[in-house]
Amino acid sequence: MAWFKRVTPSIRTTDKRDTPEGLWAKCDSCGAMLHKKQLEDNLFTCPQCAHHFRIAPYKYFSLLFDEGECTEFDQNLRAADPLSFTDTKHYPDRVHDTIEKSGKTEAVRNAYGKCEGADLVVSAMDFGFIGGSMGSVVGEKIARAADRAIQLDAPLLVISQSGGARMMEGAFSLMQMAKTAARLTRLGEKKLPFISLMTDPTMGGISASFAMLGDLNISEPKALIGFAGPRVIRDTIKRDLPEGFQRAEFLLEHGFVDMIVHRKELKQRLAKTLAMMRVEV
Amino acid sequence: MATKVVLDFEKPLVELEAKLGEMRHCLRSSSREQAPNEAEALQNEIGTLEKKVEALRQSIYKNLTRWQKVQLARHPERPYTLDYIYMITCDFVELAGDRHFSDDKAIVGGFARIEDRVSGFSQPVMVIGHQKGRDTKSNLYRNFGMAQPEGYRKALRLMKLAEKFRKPIITLIDTPGAFPGIEAEERGQAEAIARNLYEMAKLTVPVICVIIGEGASGGAIGLGVGDRILMAENSWYSVISPESCSSILWRSWNYKEQAAEALQLTAPDLLSQGIIDRIVPEPMGGAHTAPEAMAGTLKGILIEELSALLPLSSEELVNSRIEKFSSMGVWNEEG
Ligand SMILES: [Zn+2]
């Protein structure tokens, strides 16, 4: 296919915008000063305290796919403005400005390629695009990723990184929860694995739809995962929230994720597990 | 009625109605002693005022803003799920519990029969809905219609039971949201709602969802995946409440009217967005002004919809339900 391409080169431009300026970055968690090279070698995790920096979709693509090689698909979907929504800003302006500023086109990117030699479809969300919020484009792209997995007879991995629904699309954004869940049932029918990787944050309509529906639910360490936001809960119950509340370890403890996996081990763990999940014909 | 709740925009109407009442009282108590022509004058005045009241009533209720509809959807006298169940169905057998943790009183459900003597229609159904309370005590008992994960799991258990015994499912949606609490998160509020979306998409029996009052976000759609989605005329359904939307996007609680307009969350809005299939018309002034009439309308519509869905095969139902939700969303695709 002519449109087969490496993702890495085309990504250099967005690279700058996603990682802190300069050669040194401070770990948000332990405060360690980390050299950019060191950070990259550690897949954007802190070598001191294992803090996972939030990374953009292409970084997941390059760490998951063999030689970072993959084919992106459905890049041409852009947000519409079905409600002519205006808060303090027109929604189309918000989208346009975000595209201009970030170089991203939406809050999710789809790609397929080989992971340890086996086909894999990945849908990776991007907090850097309006908080990773799910509107019609995100819903449609995740639904299409499920279709692509069926077409390729491959497992689907969805990497969540989102504050929740895209309010500016009103009920349309709410319906994406039902839409993504409904389309995933077709993947299930084909006995193709659906893996959900929850990264920081996986909240609201994301966790209450596809993110919690994995045959395997995996999380990155310390990721914030939940239905209601901590602030909303605090305001409702009028008491302090326990230490570690809604963090990945809390969800593991309460039985909602299968494992917490360090980014450096993600590919290997994923490939190994998927190999065992394959239905033998 | 003891204490009638008056919404702010209804005040001019209520004041005028009170004046009309006074004049009628005046006419009744004094007409015998007064000169016939004076009584006649009063009678004329009453006639004029009656017309004025009617005109005002029409102009208020036919031009409701989105925020005013939200207020009607939350009206404390509005019929709730159990009211509809008792008015529409017979032989209701309430079922309880999720078989894992507890019985959530914010969601009720059970087998019931919808019967129409005239047409001979008689159909057992599973009816499930959010349940609000009417006073402080019952609101605490019902948690204001805000379900815990157990509520969604109970609902799913009942839906599976309906599927097993080939009975259609009717869900009545009326919630200010799924409960945001520590325990709700511990027990997987997100997972419970997500699971319902997934399983409801696959149910092999007809599913009709009706938004009867408030359809707030994930807590609403957790009962909202069906073959036919209906909305009461003065209900609302959206991704967030106008108040929360205001606080997040405007960083202030004062923009709820604007937020309601921006969100386009009323029944006519959602019909034009293709998200719902049908509006259930309400009596003038809202469902609470004539609950029996409202229930009668809803019952008629439910019988119509059930009659259309019951002949469909399981495969037809599931396929078209998935297609239905797949078609929801608006985006641009370049190239
Ligand atoms: Zn660190």
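## Terms and basis of the model

Two strands are said to pair if DSSP finds at least two bridges between them, and the helices (H or I, at least four residues) and strands (E, at least two) named below are DSSP runs, numbered from the N terminus. This is a predicted model, in which local features need pLDDT of at least 70, side-chain atom pairs count only at pLDDT 80 or more, and totals for chains, interfaces and linings use all residues. Residues are numbered from 1 along each chain as its sequence is written, while chains are lettered from A and ligands numbered from 1 in the order in which they are written.

## Chain B as a whole

Chain B contains 14 helices and nine strands, and its C-alpha atoms fill a box of roughly 75 × 55 × 50 Å, taken along the principal axes. The domain assignment, whose bounds come from an automatic or database source, gives domain 1 (8–63) and domain 2 (70–326) in chain B, with the C-alpha centres of these two domains 40 Å apart.

Of the 335 residues of chain B, 46% count as buried; a residue is buried if 20 or more other C-beta atoms, placed from the backbone, lie within 10 Å of its own, exposed if 12 or fewer, and partly exposed in between. Two residues are in contact if their C-beta atoms, placed from the backbone, lie within 7 Å, and among the contacts in chain B with a separation of 6 or more, 72% are between residues 24 or more positions apart.

## Strand E5 of chain B and its partners

Strand E5 of chain B (residues 207–216) is mostly covered, with 10 of its 10 residues buried. Strand E4 of chain B (residues 169–175) runs parallel to E5(B) and is joined to it by six bridges, B:Thr171 standing opposite B:Cys209.

Strand E6 of chain B (residues 228–232) is also parallel to E5(B), with four bridges between them, and here B:Ile211 stands opposite B:Met231. Strand E7 of chain B (residues 236–238) pairs with E5(B) in the parallel sense over three bridges, and B:Trp236 in E7(B) is the bridge partner of B:Glu214.

## The annotated cysteines of chain A

An unreviewed UniProt entry lists residues 27–49 of chain A for "zinc finger region: C4-type", and annotations of this kind may be inferred rather than shown by experiment. Over residues 27–49 the chain is 26% helix and 13% strand, and the end C-alpha atoms are 9 Å apart. UniProt also places the feature "binding site" (unreviewed entry) at A:Cys27, A:Cys30, A:Cys46 and A:Cys49. Although spread over 23 residues of sequence, these positions cluster in space, with a largest C-alpha distance of 8.7 Å.

A:Cys27 sits in the loop between strand E1 (24–26) and strand E2 (33–35) of chain A, and A:Cys27 is partly exposed because 18 other C-beta atoms lie within 10 Å. A:Cys46, in the loop between helix H2 (36–41) and helix H3 (57–64) of chain A, counts as buried because it has 21 C-beta neighbours inside 10 Å. Leaving aside neighbours within four places in sequence, the contacts of A:Cys46 include A:Cys27, A:Cys30 and A:His51.

## Where the chains meet

The contact between the chains takes 47 residues from chain B and 51 residues from chain A. On the side of chain B that touches chain A, helix H8 (189–202) gives the most, with nine residues. The residues of that side divide into 28 nonpolar, 13 polar and six charged, where Ala, Val, Leu, Ile, Met, Phe, Trp, Tyr, Cys and Pro count as nonpolar, Asp, Glu, Lys and Arg as charged, and the others, Gly among them, as polar.

Strand E4 of chain A (residues 77–79) runs antiparallel to E9(B), with three bridges joining them, and B:Glu333 is the bridge partner of A:Leu77.
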